[in-house]
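User: I have a structure to go through with you. Could we start with the ligand surroundings and then move to the rest?

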Amino acid sequence: MLSTRSQKWSKIPYHHGKDNTYHPTANPHGITFLNNAFNWLIYKDTTEFFNRNNHFDSSLCSYAEGYTGTLRLRTAMAKYMGRKFQPVQSIDPEEITFASGVTDLNEVCALVLCNPGEAIMLGRPCYGAFNKDLVMRTDTTIEWIDVGDRDQFTANCVQSYEAGYEAAKARGVTIKAMIICNPHNPLGQCYPEDSLGAIMKFCGEKGIHLISDEIYAMTTYKRQDRKSEVFTSVLSIDPTGLIDPKQVHVLYGMAKDFGAAGMRLGCVISRNREFTVAAQSICRFSSPSNFSMDLAAKLLENEQFVDELLEKSRQRLYEQRLVGEKLLTEAGIKFHNKGNAGLFLWIDLSPFLRSYDSESEQWELVDKTNEDGWRAERVLMKRLLHAGVVLDHGEGYACSHPGWFRLMYPVGEDTLREGIKRIAKVVSSPASSK
Ligand SMILES: Cc1ncc(COP(=O)(O)O)c(C=O)c1O
């Protein structure tokens, strides 16, 4: 008999092992994975850099400097962030803690900031894995806040957070922190400076912590056809009169901007010494490899390479996003048409939600305002899988309306074309599969 908590975990399967991945010639019947957010458009450039720089000092085979980031890496990251995140106050390497990925550091934030049963609030839809990362091993709960018709990227989103905070309090829930994802996953938008200021002020007034997951910071590009929001880090906003800087914690990592998820390297930047010491104390369970840290330090120190890589990434992401938008439009599929960052398109398949009526043996449109809509979303998800295309669906992102899916577009163009072709086929032939 497993422990009670394991019995819960054993019902949450996780990606394990090699996939049957689509390739236009080598595996044309393979699956087009358009789910896991990864920047396939630059990972070869990063790999080439690593292959040119893989001369390791033998000290890396030892425990070396310990578990939470070598001084060389923390210094390189502080300097890099000084150049790219424009912090109001320069970042001291001692304010940076490394672990094996931002996934881990989200959990660390929950463990360090919340007692069991206390909550972290966040607007929805938002990165679905927060539901696991902040919760699974921590006994923290999540308060999803509905922003309703308000635009969650404008300063008046705070009215929704205020209402959500008070409603939770009335239910006896203690909220200890708020998390935002900027640039946003899955909407691909950046928070403007005034909205961030309003959120910081809200957290300051409530006395709660603000965790800002900025893992997609440098995937922001400028669109030619409409106004594009620039990326603004909370570190670049003067907290005076808004929030105690000890309540602000920023997450960043190598996975997205550098196409290096396999390095398993993330960091948290905090001006709160007590937070940092506590985080470092538990990060011994999730220590990154010295070899990863060595390569990451070399990469970040090479400013020319970094600047060129990020510029290439921005260009390729923008171009490929336009390809994705065109293919979706041709297929009659609408999408959230606002973002200029991130690795995904948030697509609206709600017009295609159907349920199978066994009496009439027909696929029928469903009522999207009740559980039927969510059931139909799950059915559509299965039908897409059956057709060889994997997307993340909105229910996992706590979306308020059924029928939205997240499509990760920076894959090879062949894969993107094939994936969207398969989606188009499924949604245009509702009776092809139950
Ligand atoms: C918002 C956000 N945070 C964290 C992560 C995970 O980062 P890492 O690979 O460093 O664990 C992801 C990956 O999809 C993400 O979208």
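User: What is the shell around the ligand like by class?

Analyst: The shell around the ligand has seven nonpolar, five polar and one charged residues (Ala, Val, Leu, Ile, Met, Phe, Trp, Tyr, Cys and Pro count as nonpolar, Asp, Glu, Lys and Arg as charged, and the others, Gly among them, as polar). This is a predicted model in which local features need pLDDT of at least 70 and side-chain atom pairs count only at pLDDT 80 or more, while totals for chains, interfaces and linings use all residues. Residues are numbered from 1 along each chain as its sequence is written.

User: Which residues are the closest to the ligand?

Analyst: Of the 13 residues that surround the ligand, the closest are Gly101, Val102, Thr103, Gly253 and Ala255. A residue is near a molecule if its C-beta atom, placed from the backbone, lies within 6 Å of it.

User: Changing topic: which residues of α11 are buried?

Analyst: Ala376, Glu377, Leu380, Arg383 and Leu384 are buried in α11, with 20 or more other C-beta atoms within 10 Å of their own, C-beta atoms being placed from the backbone. Helices are DSSP runs (H or I, at least four residues), and strands likewise (E, at least two), numbered from the N terminus.

User: How do they sit around the axis of α11?

Analyst: The buried residues fall within an arc of 125° seen down the axis, so they line one face of α11; the arc is that of the directions from the helix axis to the C-beta atoms.

User: And which residues are exposed on the other side of α11?

Analyst: Glu371, Arg378 and Lys382 are exposed there, exposed being 12 or fewer such atoms.

User: What follows α11?

Analyst: Gly388 follows α11, with a positive phi near 85°.
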